[in-house]
Amino acid sequence: MPCNSTSPAGVHVAPTVHTDRRHSGAGDPSSSTSSSPPPDAPKGRQRRTTVPERPDLPINLWSIMKNCIGKELSKIPMPVNFSEPISVLQRVTEDLEYADLLEIGAKLSTLEQMCYVAAYAASNYSTTGHRTNKPFNPLLGETYEFDRMEDLGWRSVTEQVSHHPPAAAHHAEGRGWTMYQDFTMTSRFRGKYLSVIPIGFTHVVFPSTNSHFSYRKITTTVHNIIVGKLWIDNHGEMEITNHTTNEKCVLKFIPYSYFSREQPRKVYGIVRDSEGIPKYVVQGTWDKSIDMLKVSSWNGNHEKPKVDVDETSLKRIWTAHPLPKGAEKMHNFTKFAIELNEPEDGVAPTDSRLRPDQRMMENGQWDEANKKKLEIEEKQRIVRRRREAEKELAMKRGDKYEEYEPTWFVRVQDESNGALIHQYKGGYWEAKEQHDWNKCPDIF
């Protein structure tokens, strides 16, 4: 990741103003030859189009991984050599790259909304086939905001609400939709492969139809950890439920098998109405595209439905964005991912963009990043030990001890499924507007 350019953090100053300002450089607009953007240019500031290249450095993988077998991944201190320069909070926010599907769905009927929610859920995995490095584990209290109201019509805030087990709470709002989720996971290294099993629900709400959808994410497995080329597969069944209408879709991510006749990375789901009658089929692959088709007939078996579709009704509702030129040298980031860690003024002091070890790693300063990472993690351990000592003392005295409370989220019971979730309690964007970050802890 050493950057030979004199511009910081991979920022390139474009010689002319681009038609699409979202994908132009993040340099000083005054450096361009045109004084104003064309009239059809989207709103919003110019954003960077590259990040410093990742160096091809040799690493003794076995010396690091041999002590990890059977352990919880979040409890293993991993060097930045295995990381990509974004945090888990930014990676969770990356789910919103195709949030336009939710904006379109907000204007449709509930069954069509289900198709678009299913396509959105599948699109969350579109970059995993290329990305084998892990994001940075956030510190307790770390946050990440992404305000794209001007150009994309949505904004998002994420907070690390628990350290053990690690958990992130995410809330986003756009034109005609709201999305929120708790992201917790378990992970196990088994020598040849690493499995990541997400825990918690993702919720999508459309006020136009009063629809409330929820689903659990499926398992991601990284193969050939020790020997061979790393590759990733996503597999399992995702049940998407509209709690308002009781309409459902079971979206199947078919596991890859050398002996299978199925298309690699295939996704297939049947959308059923409240009576359990199939109405739509959603199919495609999680890395390229998703289509929806109307069901013309079915076998009447609710347990194992087989359907015929109207081929003339086929509609492609999602297509993955192509990777930018040179992406293989830039962590295989999409244009959207490149923008995630771009420095930005006015964010909370706990924002992932301000995390020094992550920024050093992005800029190619790996040795410095590893040292700083140890310092930051030790600072976090000191705070945790102090809280544990205070809790033990309070218990001996019989006093009530106040557990750690997130800054922007509160733990409540979800009405739709009874699970405990972290709900956004508001105040973040107001604090940003007033430049008042007194509530934020000192974590970096």
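In which loop is Tyr256 found? I located Tyr256 in the loop that runs between strand S12 (247-253) and strand S13 (266-272), strands being DSSP runs of E with at least two residues, and helices runs of H or I with at least four, numbered from the N terminus.

I noted that this is a predicted model, in which local features need pLDDT of at least 70 and side-chain atom pairs count only at pLDDT 80 or more, while totals for chains, interfaces and linings use all residues. Residues are numbered from 1 along each chain as its sequence is written, and side-chain values use heavy atoms, with hydrogens and water left out.

For confidence, I read a mean pLDDT of 87 for the protein chain, with 85% of its residues at 70 or more; pLDDT is the predictor's confidence in each residue, from 0 to 100.

Next I asked why Tyr256 counts as partly exposed. The reason is its relative accessibility of 42%, because partly exposed lies between buried (under 20% relative accessible area) and exposed (over 50%), with a 1.4 Å probe and protein chains only.

I then turned to Ile104, which lies in helix H3 (residues 100-105) and is partly exposed, with a relative accessible area of 37%. Ile104 and Trp177 are 73 residues apart in sequence, and I found 9.6 Å between their C-alpha atoms.
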